[in-house]
Amino acid sequence: MVEHRQLVFRLRIMFCKLLVLSLGAIAGIALAIDRPNVLLLTVDDMSCDSVGVYGCPVPDTSPRMDALAAESMRFEHAHVQVGNCYPSRNVMWSGLYPHNNGVEGFYEIDNTGKYKVVADFFQDAGYFTAIRGKVTHTTPYNPYPGWDLTHQYPQPKPSVLKDVKSYGDSMRKAIEAAEAAEKPFLANLNVSDPHKPFYTGPKDPHQPSRVFTADEMVIPGFLLDDPAIRTELALYYSSVRRADDAVGAILDALKEGGHWDNTIIVFLSDHGMPLPFAKTSVFHHSSRTPLMIRWPGKTKAGAVDDAHMVSAVDFTPTLLEMCGIETDANFDGRSFAPLLIGETQADRDFVFKVYNENSGAQRWPMRGLQTKQHLYIFNAAATGENRFKTATQGTATYKKIVELAETDAIAAKRLKDHDYRTYEEFYDISKDPNCLVNLATDPEQAPAMKQLHRRLDEIMERTGDHCLAPFRSRSDPDTLRTYIEEKEGESAARRAGKRKKKKNKNR
């Protein structure tokens, strides 16, 4: 009898424990379900002013992006940190500058136990996480355990990346998987266009809804006017329109799935167009991004923030605050969620920009500090001996500039500016957004440049930037050479280690 009572007692205790655990789980699920879904929607290698609402001089490039802007808050002074995609995206979704997240170029790192990225934060908070495209560019290593769903496709990679319909399918799969898991979703959908290869013409299997011609082109102020450049620009803008089609396919699928009114949409480009003086630098058109955020019930449709400067390092802390996810993470950025509901924030009058390494592992450290009026750039490798190497040198536009430089003085100067730079550049962005006139040696600009020197020094010191020492010795070529040799040595050692690891793995 006693044994029977003890058994009943134990069973009651077990039942109570299970009930408590179940109620806790249900409460957790309910809390997660009450939170909004999140769609992180990016396009690849698109300049901010390629979008209609951001002043695109070529009409009809982006009707779906423009329609999204009409329902969102858009930022006039939003910038990414880095002008190439791998490190740029890692800043976005870690909330850390490259010298703190360890991703300064196109390589993976093992950050186990060091810091979390956006997928980790949201998965821990009960979200279903999904990603399509730029997986290795978005998290420190791949496969990354934070993603519940990574979209895989049987089609050849170059083809599927440009397939508009497949982006809508990706959105549907993410919604279906999240609903099956009974969780809200964080979906990171990364559209490949207008990254090269551009639209190729009438035989391209993936036709945009509108094709642009060379005679419709308006040449960006940082490029030269030539038929070959116009032709490549037409292919670029046709690719922008195809990116717009893909954005539309994703948004249509979101609406069809019934989640339009409970999903935060964050839209942007990872950096500027893949042509000289935009991609792989820290110029104005390298970093300015068409940031639009639609937060149902919070943001005012068609609102424009032209007062504050925000940047990619702020995105993750902002998303966490918007979704009510608490963390004790030590971010380099800070949330601008209050701006989305019409409030103001102090100390948002500049952005810090960085560049370290190209996709071929050449080190060319740049640091930039930009306000609404001025942009200061420090080029640590610009000793007059080093030649800058970048993906944009493979474009028809760059090759034409090289050809024109043989007989044209303006083209020759632009080519020298591109390939060798100077260790200091200073531009009045309010008058010269194309960064054509370097005012670094203009005595009248000395007070303004000194102010940016001071602010850049402060942020580099506060964030532990390894480029601080050469910046402070920027007038000493020997110090700069030593620094670059050291960084190139680190890059070479990293690549050698990777080759050795791969060789041992294949044995």
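Predicted model: local features only at pLDDT ≥ 70, side-chain atom pairs only at ≥ 80, totals over all residues.
I began with a crossing: α13 passes α14 in a left-handed crossing.

**Entry: α13 and α14**

I looked up the geometry next. Helix α13 spans residues 396-404 and helix α14 spans residues 409-420. I read an angle of about 125 degrees, with the axes 8 Å apart. That angle makes α13 oblique to α14. For the contact itself, I listed Tyr398, Ile401, Val402 and Leu404 on the α13 side. On the α14 side I found Ala411, Leu415, His418 and Asp419.

**Entry: α9 and α13**

I then turned to the pairing of α13 with helix α9, residues 227-256. These two pack at an angle of about 170 degrees, and their axes are 9 Å apart. Angles over 145 degrees count as roughly antiparallel, so α9 and α13 are roughly antiparallel to each other. From α9, I noted Ala228, Ile229 and Glu232 in the contact. From α13, I noted Ala396, Thr397, Lys400 and Ile401. By class I have four nonpolar, one polar and two charged residues here. Ile401 of α13 is in this contact, and Ile401 also takes part in the contact with α14.

**Entry: α2 and α9**

Which residues of α2 meet α9? I found Pro63, Arg64, Met65 and Leu68. Their partners in α9 are Val240, Arg241, Ala243, Asp244, Val247, Gly248, Leu251 and Asp252. I sorted this contact into seven nonpolar, one polar and four charged residues. Helix α2 covers residues 63-70, and its axis comes within 7 Å of that of α9. The two cross at roughly 50 degrees. α2 and α9 are therefore oblique to each other.

**Entry: cavities**

Rolling a probe the size of a water molecule over the atoms shows where empty space is left. How many cavities of 30 Å³ or more are there? I count two.

The largest cavity has a volume of about 40 Å³. I wrote down its lining: Phe277, Ala278, Lys279, Thr280, Ser281, Phe283, Phe388, Asp417, His418 and Arg421. That lining has four nonpolar, three polar and three charged residues. His418 is one of the lining residues, and His418 is also in the contact of α14 with α13.

For the second largest cavity I also have a volume of about 40 Å³. Trp93, Val266, Ile293, Phe315, Thr318, Leu319 and Phe336 line it.

**Entry: backbone exceptions**

I checked the backbone last. Most residues other than glycine have a negative phi, and most peptide bonds are trans. I looked for departures.

The peptide bond from Asp193 to Pro194 is cis, with omega near 0 degrees. I placed Pro194 in the loop between β6 (185-191) and α9. Lys196 and Pro197 are joined by a cis peptide bond too, with omega about 5 degrees. I located Pro197 in the loop between β6 and α9.

Asp347 is not a glycine, yet I read a positive phi of about 60 degrees for it. I found Asp347 in the loop between α12 (337-340) and β11 (351-357).

Note on methods
Residues numbered from 1 in each chain as written. Heavy atoms only, no water. Axes fitted to C-alpha atoms, helices over the stretch in contact; angles between N-to-C directions. Helix = DSSP H or I, 4+ residues; strand = E, 2+ residues; numbered from the N terminus. Parallel < 35°, antiparallel > 145°, perpendicular 65-115°, else oblique. Left-handed = near helix turned anticlockwise from the far one by under 90°. Contact = heavy atoms within 4.5 Å. 1 Å grid on protein atoms, 1.4 Å probe; cavity = no way out; pocket = protein on both sides within 12 Å on 5 of 7 lines; lining within 4 Å. Points joined across faces, edges and corners; volume = space filled by probe spheres on them. Nonpolar A, V, L, I, M, F, W, Y, C, P; charged D, E, K, R; others polar.
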